[in-house]
Amino acid sequence: TISVKSKIDEGSVFSFILSFKKAEAEAEAEAEAEAEAEAEAEGRNRDIKVLVVEDIALNQLLMKTLLDDFGFERDIAANGLIAIEKLREKNYDIVLMDLQMPEMNGFEATEYIRKNMRSKIPIIALTADVTTVDLEKCRAVGMNDYIAKPVDERILYTKIVGLVKKSPEKTRNIVKANGPTGDKTLKCTDLAYLIGITKYDHKLMMEMIALYLEQTPVLIGLIKKSLLDEDWDSLQAAAHKMIPSFSIMGISKDHEMKAKKIQDFTGAKNHVKEIRGLVAELAQICTQACTELEEEYTTLKNTVS
């Protein structure tokens, strides 16, 4: 049946009644399977660890309330410095980052997480003042998205789940090798291994970097002089001393192989032409590594002080 109720100057309501056969068992089973799949997905979404970086107590309480309601695990950091310490100590899937905070603001913290920690963890900016300048700056330092305050809980939930799903893997490590640096020149060092073995102990990292910076320029000078003098034994010994530092400072295996080839060729005292090319390449890459590690050392020193 189809019916209509209409009043002039008010409008009309159309309605209908249709008869359907009962659903077959197969269709019911399919519907149940879909419902179970949705419930399972919801359960997976609840296994999300969130780090909230926010300095205002009222906003902290709001975020705790929302995230608890979502069923997410959450921790609170009152500024960027505390957030970085928490990221070193614990694995999170996503960061909600306020922009304006004391000690270290959201822009500075994000830049440090991307460049120094080499982390790809998704970061959402929390901002009360959505301006083009702020959004451009968010993108420039490596933030993935933003949410305007006051926070809409549906938008917050959707963006958290969406970014965690898009992440190459649910981020369970604070360090990702070959993370984005924003540098135009491709970096030849990656401190992921060093961070791992030192447990991000800044002083120990500085000590190891300092030793590399002390010994490497001497070895570069030695391989150049040995080649010039055709002192193959000294050249072989210098190349051998360089090899262990490549993996410690995250320098590509390709460059490590060049040092090993120098060892092999000088041992056999042949392939002089190839040796010259390998020495030049090795000296260049080690010089670049020193430049990069000097910058890392300065950053770590500023953090410690």
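**Notes on the salt bridges, a helix pair and a surface patch**

1. The count comes to 17 salt bridges, taking a salt bridge as a side-chain nitrogen of Lys or Arg within 4 Å of a carboxyl oxygen of Asp or Glu. Bear in mind that this is a predicted model, where local features need pLDDT of at least 70, side-chain atom pairs count only at pLDDT 80 or more, and totals for chains, interfaces and linings use all residues. Residues are numbered from 1 along each chain as its sequence is written, and side-chain values use heavy atoms, leaving out hydrogens and water.

2. One of the bridges joins Lys 49 to Glu 73, at 4.0 Å from N to O. It ties together distant parts of the chain: Lys 49 sits in strand E3 (residues 49-53) and Glu 73 in strand E4 (residues 73-77), 24 residues apart. Strands here are DSSP runs of E, at least two residues, and helices are runs of H or I, at least four, numbered from the N terminus. Lys 49 and Glu 73 also belong to a salt-bridge network with Asp 75 and Lys 90.

3. Next, Lys 149 and Glu 54, whose closest N and O atoms are 2.9 Å apart. This pair spans 95 residues, with Lys 149 in the loop between strand E7 (145-148) and helix H6 (153-166), and Glu 54 in the loop between E3 and helix H2 (57-70). Glu 54 is buried at 1% relative accessibility, while Lys 149 is partly exposed at 22%. Buried means under 20% relative accessible area, exposed over 50%, and partly exposed in between (1.4 Å probe, protein chains only).

4. A local example is Lys 260 with Glu 256, at 3.3 Å from N to O. The two are 4 residues apart in helix H10, so about one helical turn separates them. Glu 256 is buried at 7%; Lys 260 is partly exposed at 30%.

5. H10 (residues 253-268) also packs against helix H11 (residues 272-304), at about 145° and with axes 10 Å apart. Axes are lines fitted to C-alpha atoms over the stretch in contact, and angles run from 0 to 180 degrees between N-to-C directions.

6. Finally, the surface: Ile 2, Phe 16, Leu 18 and Phe 20 make a nonpolar patch of about 570 Å². Patch residues have over 30% relative accessible area and no salt bridge; like charges are joined within 9 Å, nonpolar side chains (Val, Leu, Ile, Met, Phe, Trp, Tyr) within 5 Å. Areas come from the Shrake-Rupley method with a 1.4 Å probe; for residues, only the protein chains shown count as cover. Ile 2 lies in strand E1 (residues 2-7) and is exposed at 75%.
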